[in-house]
Amino acid sequence: MDALQRIYESGVVGAGGAGFPTHIKYNTKAQYLLINAAECEPLLFTDQYEMEHYPDEIVQGIMIGKEILNAKEVIIGIKSKHKKSIEALTSAIEKVEAPIKIHEMESFYPAGDEQGLIFEILNIPLNPGSIPISEGIVVTNVTTAKNIYFSTIGKGVIRKTVTVTGEVKNPIVLDVSVGTSIGRCIDEAGGSSLEEYAIILGGPMMGKMAFSSDINSTFVTKTSGGIIVLPMDHPLITRRRQSIEHIKNQTASACIQCDFCTELCPRYLIGHPLHPHEVMKAFGNDGQLQGEKLLQASLCCECGICELYSCPMGLSPRIVNATVKKMLREANAPKISFDSQGVHPMEAYRRLPTDVLVKKISIDKYYKYHNLPNKKIDSQKVVIPMSQHIGKPAEPIVKVGDEVHANDMIGKVSMEDMGACVHASIDGIIESVTNKEVVIKAGDRV
């Protein structure tokens, strides 16, 4: 069995983002393999934990990827301040004399944006709307590299590292079974002192919102990275709770067309013709999918700088862009070609320092420069979604009452599909099966 087949059978997906199936991404050849180890979002220590605890496995996974892609050059992009991670990776690289370079970056946001990372490391600004492989480049998250290695020894993606922080008593990094409830993770962090709270799943800038009432019905997936507990009145939460109708009315009445959102947009700065202030005006006026003013929203990476840092009126360009992108998809709008404007001469001087950002978005009280304590926990019950990735959900291949062991495949897609296989993360008995999820309870069948 070749490495690509093993990656498919182990259900490896991009661990740092939307979960692009790795066996699809790696079914190509590339000049460069870039490893994203930037830990882009503030408050998260997930990738750092992986690098410090699994450096040998990460390096071996990178070299497997290099061989599959026939890549000529491999470079890890990492922030200089993550010294322990750099030391661990350097030692692992030297141990096997791997031809891997480490590129150290300053601490700015969004350092881990795929297209920004390529420009930072290779000084190649991708054409607007294009993907990395168009320039012979593949970008992979550092944790995905670890999972590639584990696939070669028959292990599925059944555990995930998550940072639990914010309004919890003991912020911690947890190594948990996929399918563990968010509530269990918060309990392991000592619980929250707040009776009612909201949660950001992921990073503070791009993560999705949930509430304290959701903690036992929301579960860790292959792409989970952070669980941030915040008060209901925190600015990051109040903004996310606004309806799109309210946001549209705000946009129509209050956008002053100052273009600060555009001038600090990372994609605009590397030459993409994305002008969020123009999208705001078009959306506020009628919101109809007409003309390039709205179509340019498709270039947005949704990093959130425009709304959480740039806008003096407290408006929501990121949410507007994301809404327009969804409208374009639902309308099956044809893709259009955009020409590059060229890298902005001020690009290097308009990068947003992370230290400045955390104060602006009121999370500095939770922001730490050192690693958090860590703990590995096992679960007695897991709820495993059949869709933890971009593309087609896996189809359950088990039934109620079946006995399964960790690493057994419980959901399957064909290798040609844009999707990923799913595995049991604990030993136990199948308690329930739907097209949406499989529930496993630890213990032997009576």
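Reader: Which residue stands opposite L33 in β2?

Author: V74 stands opposite L33 there. Bear in mind that this is a predicted model.

Reader: In what sense do β1 and β2 run, and how many bridges join them?

Author: Read the pairing from the bridges. β1 (residues 32-36) runs parallel to β2 (residues 73-79), with five bridges joining the two.

Reader: What is the bridge partner of L33 in β5?

Author: V138 is that partner. β5 (residues 137-141) also pairs with β1 in the parallel sense, again over five bridges. L33 therefore has a partner in each strand, because strands count as paired from at least two bridges: V74 in β2 and V138 in β5.

Reader: Are the faces of β1 covered or open?

Author: Check each side in turn. Y32, L34 and N36 lie on one side, L33 and I35 on the other, and all are buried. Five of the five residues in β1 are buried.

Reader: Now a loop. Is T221 buried or exposed?

Author: Buried means under 20% relative accessible area. T221 has 16% relative accessibility, so T221 counts as buried. The residue sits in the loop between β9 (208-211) and β10 (226-230).

Reader: Which residues is T221 in contact with, leaving aside neighbours within four places in sequence?

Author: K160, V178, P385 and Q388.

Reader: Where does I390 lie?

Author: In the loop between β13 (381-385) and β14 (395-396). I390 counts as partly exposed because its relative accessibility is 34%.

Reader: Which residues make the nonpolar surface patch?

Author: I390 makes it together with F20 and M418. The patch covers about 210 Å².

Technical notes. Residues are numbered from 1 along each chain as its sequence is written. This is a predicted model: local features need pLDDT of at least 70, side-chain atom pairs count only at pLDDT 80 or more; totals for chains, interfaces and linings use all residues. Side-chain values use heavy atoms; hydrogens and water are left out. Patches are made of residues with over 30% relative accessible area and no salt bridge: like charges are joined within 9 Å, nonpolar side chains (Val, Leu, Ile, Met, Phe, Trp, Tyr) within 5 Å. Accessible areas come from the Shrake-Rupley method with a 1.4 Å probe; for residues, only the protein chains shown count as cover. A salt bridge is a side-chain nitrogen of Lys or Arg within 4 Å of a carboxyl oxygen of Asp or Glu. Helices (H or I, at least four residues) and strands (E, at least two) are DSSP runs, numbered from the N terminus. Buried means under 20% relative accessible area, exposed over 50%, partly exposed in between (1.4 Å probe, protein chains only). Contact means heavy atoms within 4.5 Å.
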